[in-house]
Amino acid sequence: MKSTAISSFLAERIAAGDFPSAVYLIAEQGKVMFADALGNAVVEPQRIPATLDTIYDLASLTKPLITGLLCARRIETGPVPLDSLVSHYLPEFDRTDKQSITVRHLLTHSSGLPAWRPLYILAKGDRERTLAEISNLELDYKPGTRVVYSDLGFITLGLLLERLAGKPIAELAKDEIFQPLELQRTFFNPESSMQTGIAACEMGNAYERGTSRDSVHQTDLENYKSWRERLIWGEVHDGNAHFLGGVAGHAGLFSTAAETLMLADQFLAEQSSLLNAQTCELFTENMTKGLEEARSIAWQLAVTKDSAAGRDLPPDSFGHSGFTGTSCWLDSHRQRVFILLTNRTHARQLPFANINSVRRQFHSLAVAALGNANC
């Protein structure tokens, strides 16, 4: 059942040019209450309407839904205590400036690692150099003293999980998440035959190419010849994840709204089959009090100033967004999940629309719709 108010609002934003498509899903106590698909998942080279089954590049939702969940399972069972030193698992971090970095620091974006660097340029095409390049970077601040959202921190967590298990993170996700939950349309690296069922992204790497100018030496930038000029459609949008084979701790996950809900439910004590209730409580705990953002394990809390949660979600609600235009927020007290998937980078010129105001209004309309449904 769709919400007329939400669908009308998102249709307006599509018409305004914020994004070409939107799929939303709102659930309460494990039950889907409202859902709808609007616009075109693909505009170029052909028009393909979005449906509730459209698969989206979830981008940074990979951080909590895969890396955060895998880490939480190891925190729960003991192999990776929350405050264990990263250097215990990754000797590359056993150096003066990084010896104090903990798993908690990485999970809460308070490690001191820079927000982003084009590892595909720094590593000169050699994936095996990735961890060395990260460990060689200077920290931006002393661990634990600030919160600076960092892709590099979650790439490091993905590499830590792989080192500990002796297998790729894609296999860990398949064995511990996808198969137990019986997910059918959630994966890394979609098969080419599925392309027409996937929402398209940006034409080439224009955004990252521009961002790289401030992150690497001009000579290295000029010598890099592997920019994608084609339409990014059915392959991961993020450049570092693409360089790492389409699978990384920070990005690479593809899914539908319905299966994103199945993943999100694993963070709610009453719904989870993969974590116990005590572990689920950690996702509402502010572990970065007094710093720039309120962060729990892999999630941002709604109490954070200017959070995309908006004014109508409880302060300890937790959520995350993805660069491609995706978001997922959870209210654990009411067992509510709010999922909004868009492809804001597709068929759009730079700069891409900042859709946090859309997300806030979406959440407000969703809370109102749930209130009316429960009257």
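What is the relative accessible area of Y207?

Modeller: The relative accessible area of Y207 is 35%, and the residue is partly exposed; buried means under 20%, exposed over 50% and partly exposed in between, with a 1.4 Å probe and protein chains only. The model is a predicted one, in which local features need pLDDT of at least 70 and side-chain atom pairs count only at pLDDT 80 or more, while totals for chains, interfaces and linings use all residues. Residues are numbered from 1 along each chain as its sequence is written, and side-chain values use heavy atoms, with hydrogens and water left out.

The structure holds 12 aromatic pairs; rings of Phe, Tyr and Trp (its six-membered ring) pair if their centres lie within 6.5 Å, and planes under 30 degrees apart count as stacked, over 60 as edge-to-face and the rest as tilted. One of these pairs joins Y120 and W227 edge-to-face, at 5.7 Å centre to centre and 80° between the planes. Y120 belongs to helix α4 (residues 119-122) and W227 to the loop between α9 (218-223) and α10 (239-243), so the pair ties together parts 107 residues apart in sequence. Helices (H or I, at least four residues) and strands (E, at least two) are DSSP runs, numbered from the N terminus. Y120 is buried, with a relative accessible area of 3%, and W227 is buried as well, at 11%.

Y207 has F323 as a ring partner: the centres are 4.7 Å apart and the planes stand at 40°, so this pair is tilted. Since Y207 lies in helix α8 (residues 206-212) and F323 in the loop between β8 (318-322) and β9 (326-331), the pair ties together parts that are 116 residues apart in sequence. F323 is partly exposed, at 28% relative accessibility. The charged end of R344 sits over the ring of F323, 4.6 Å from its centre; this requires NZ of Lys or CZ of Arg within 6 Å of the ring centre and within 35 degrees of the ring normal.

β8 and β9 form a hairpin with 3 residues between them, and G325 in the turn has a positive phi of about 120°. These two strands run antiparallel and are joined by 5 bridges, with S321 opposite S327 in β9; two strands pair if DSSP finds at least two bridges between them. β8 is also joined to strand β7 (residues 300-301), antiparallel, by 2 bridges, and here L301 stands opposite F318. Of the 5 residues of β8, 4 are buried, so the strand is largely enclosed by the rest of the structure. F318 also belongs to an aromatic cluster with F267, F283 and W299.

Leaving aside neighbours within four places in sequence, I297 is in contact (heavy atoms within 4.5 Å) with residues including G68, L107 and F283.
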